[in-house]
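Hello,

The structure we talked about is below. My notes follow it.

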Amino acid sequence: MEQTVVRVICAIGQSGQLGHNGVLPWEGNPSPEYVADVARFFDITRGHVLLAGPKTIASVPKFAFADRTIEVLRSHMDPEQTLKHYAGRVVFIGGGPPVWDIYARYVSHWDVTRLPYDGPADRWFNPLWLTCGEHQQR
Ligand SMILES: NC(=O)c1ccc[n+]([C@@H]2O[C@H](COP(=O)([O-])OP(=O)(O)OC[C@H]3O[C@@H](n4cnc5c(N)ncnc54)[C@H](OP(=O)(O)O)[C@@H]3O)[C@@H](O)[C@H]2O)c1
């Protein structure tokens with residue numbers, strides 16, 4: 001049976017900042033590295049599947065729904081059944097942190113960009129996500 005390839009692309013600040021007040025901590029920063037990072041996310045995920053929690057999906061711009069499959073993940077959904085549904089496809093797990101807590105064990109590739117931002121945040125990257133393969137106790 002075809003496998004689901006599970007990947008993550010995310011961006012963090014210098015100390016692991018992921019989110020602030022429901023958006024990216026550097027939201028609206030017009031500097032080229034921030035603009036390029038968002039553009040890269042949409043380039044790499046084009047044609048694939050993007051699954052994320054309700055707040056993260058709410059911030060996805062309308063244009064992105066046209067050329068990729070997007071589904072909101074809810075906490076009542078069974079991760080294995082959800083991923084099986086996309087057998088043969090590349091699935092990007094888009095966060096936020098409670099989603100990565102559960103789906104990290106299925107991820108074969110983490111693509112983490114470390115941006116120059118070093119301000120406040122209320123959502124943080126957890127380095128344990130990188131090491132919670134199925135053979136490792138958490
Ligand atoms: N820097 C980055 O790359 C990046 C990427 C993604 C998000 N973010 C930031 O993170 C923040 C949003 O993340 P968030 O965590 O606050 O909200 P979120 O995206 O809505 O994700 C969390 C929600 O996902 C749902 N969920 C789905 N499957 C789940 C599971 N198996 N276990 C637990 N919960 C599950 C839960 O909602 P229910 O219980 O209601 O179903 C949970 O409250 C924003 O600030 C956003 O900008 C940053």
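A nonpolar core, as the term is used here, is a set of buried Ala, Val, Leu, Ile, Met, Phe, Trp, Tyr and Cys residues joined through C-beta atoms within 7 Å. Please keep in mind that this is a predicted model.

The largest such core has 19 residues. Leu 51, Val 91, Phe 92 and Ile 93 have the most contacts inside it. Two or more residues each come from β1, β3 (49-52), β5 and α4, and β3 supplies the largest share, 4 residues. Phe 92 also has contacts beyond its neighbours within four places in sequence: Arg 7, Val 8, Ile 9, Thr 45, His 48, Val 49 and Leu 50.

Now the ligand. There are 25 residues around it, and those that come nearest are Gly 19, Gly 53, Thr 56, Gly 95 and Gly 96. The elements giving two or more residues to this shell are β1 (5-12), β2 (17-19), α2 (54-58) and α4 (97-103). The most come from α4, with 4 residues. Sorted by class, the shell holds 13 nonpolar, 9 polar and 3 charged residues.

Gly 88 sits in the loop between α3 (79-84) and β5 (90-93). Is Gly 88 buried or exposed? Gly 88 has 9 other C-beta atoms within 10 Å, so it is classed as exposed, the limit for that class being 12 or fewer. Between Gly 88 and Asp 111 there are 20 Å in space, C-alpha to C-alpha, and the two are 23 residues apart in sequence.

Regards

Definitions and conventions
Residues are numbered from 1 along each chain as its sequence is written. This is a predicted model: local features need pLDDT of at least 70, side-chain atom pairs count only at pLDDT 80 or more; totals for chains, interfaces and linings use all residues. A residue is near a molecule or strand if its C-beta atom, placed from the backbone, lies within 6 Å of it. Ala, Val, Leu, Ile, Met, Phe, Trp, Tyr, Cys and Pro count as nonpolar, Asp, Glu, Lys and Arg as charged, and the others, Gly among them, as polar. A residue is buried if 20 or more other C-beta atoms lie within 10 Å of its own, exposed if 12 or fewer, and partly exposed in between; C-beta atoms are placed from the backbone. Two residues are in contact if their C-beta atoms, placed from the backbone, lie within 7 Å.
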